[in-house]
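Colleague: Please take me through this model in questions and answers, beginning with a few side chains and ending with the chain as a whole.

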Amino acid sequence: MSKHLEQTGEGYWSHFKFGVVHGFYLFKMGIMSIVHAIFPDIYPFELPRMVIYLHEKIKNKHGTKLVRSLTNEVKEKYFKNDNSWNNQ
């Protein structure tokens, strides 16, 4: 078994299904984002809703501890000098 599957505590096929389904969901979000960029009145605020939906799906699947850990990694890696994160 791979190290990542051990870390997530799931089997290959469960991980595969989650990855494929949500990969297509992210692809859909990308297309919607481009459409929204060209036509701002199409999909207003839909993308933030979809991001929140994915966040909740991951939190429900893997737990709050993992989500908190990943959030801290993202803050450190991508928003090191961004003070807007300090309000959260």
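Colleague: What is the relative accessible area of Tyr-12?

Modeller: This is a predicted model, in which local features need pLDDT of at least 70 and side-chain atom pairs count only at pLDDT 80 or more, while totals for chains, interfaces and linings use all residues. Residues are numbered from 1 along each chain as its sequence is written, and side-chain values use heavy atoms, leaving out hydrogens and water. With a 1.4 Å probe and protein chains only, buried means under 20% relative accessible area, exposed over 50%, and partly exposed in between. Tyr-12 is therefore partly exposed, since its relative accessible area is 49%.

Colleague: Which residue has its ring stacked with that of Tyr-12?

Modeller: Rings of Phe, Tyr and Trp (its six-membered ring) pair if their centres lie within 6.5 Å, and planes under 30 degrees apart count as stacked, over 60 as edge-to-face and the rest as tilted. Tyr-12 is partly exposed. Its ring centre lies 6.1 Å from that of the partner and the planes meet at 25°, so the pair is stacked, and the partner is Phe-16.

Colleague: In which helix do Tyr-12 and Phe-16 both lie?

Modeller: Helices (H or I, at least four residues) and strands (E, at least two) are DSSP runs, numbered from the N terminus. Phe-16 is partly exposed, at 41% relative accessibility. Tyr-12 and Phe-16 are 4 residues apart, about one turn of the helix, and the helix that holds both, residues 12-38, is H2.

Colleague: What is the angle between the planes of Tyr-12 and Trp-13?

Modeller: The whole structure contains 4 aromatic pairs. One of them joins Tyr-12 and Trp-13, whose centres are 4.9 Å apart, and this pair is edge-to-face, with an angle between the planes of 85°.

Colleague: Which residues form one aromatic cluster?

Modeller: Trp-13 counts as exposed, at 63% relative accessibility. The cluster that includes Trp-13 is made up of Tyr-12, Trp-13 and Phe-16.

Colleague: How many helices does the protein have?

Modeller: From the N terminus on, the elements run α-α-α-α. The secondary structure comes to 0 strands, and the number of helices is 4.

Colleague: What is the radius of gyration of the protein?

Modeller: The radius of gyration is taken over C-alpha atoms, and the globule rule is 2.2 Å times the number of residues to the power 0.38. The C-alpha trace spans about 45 × 35 × 20 Å along its principal axes, and 11% of the 88 residues count as buried. A compact globule of 88 residues would have a radius of gyration near 12 Å, whereas that of the protein is 16 Å.
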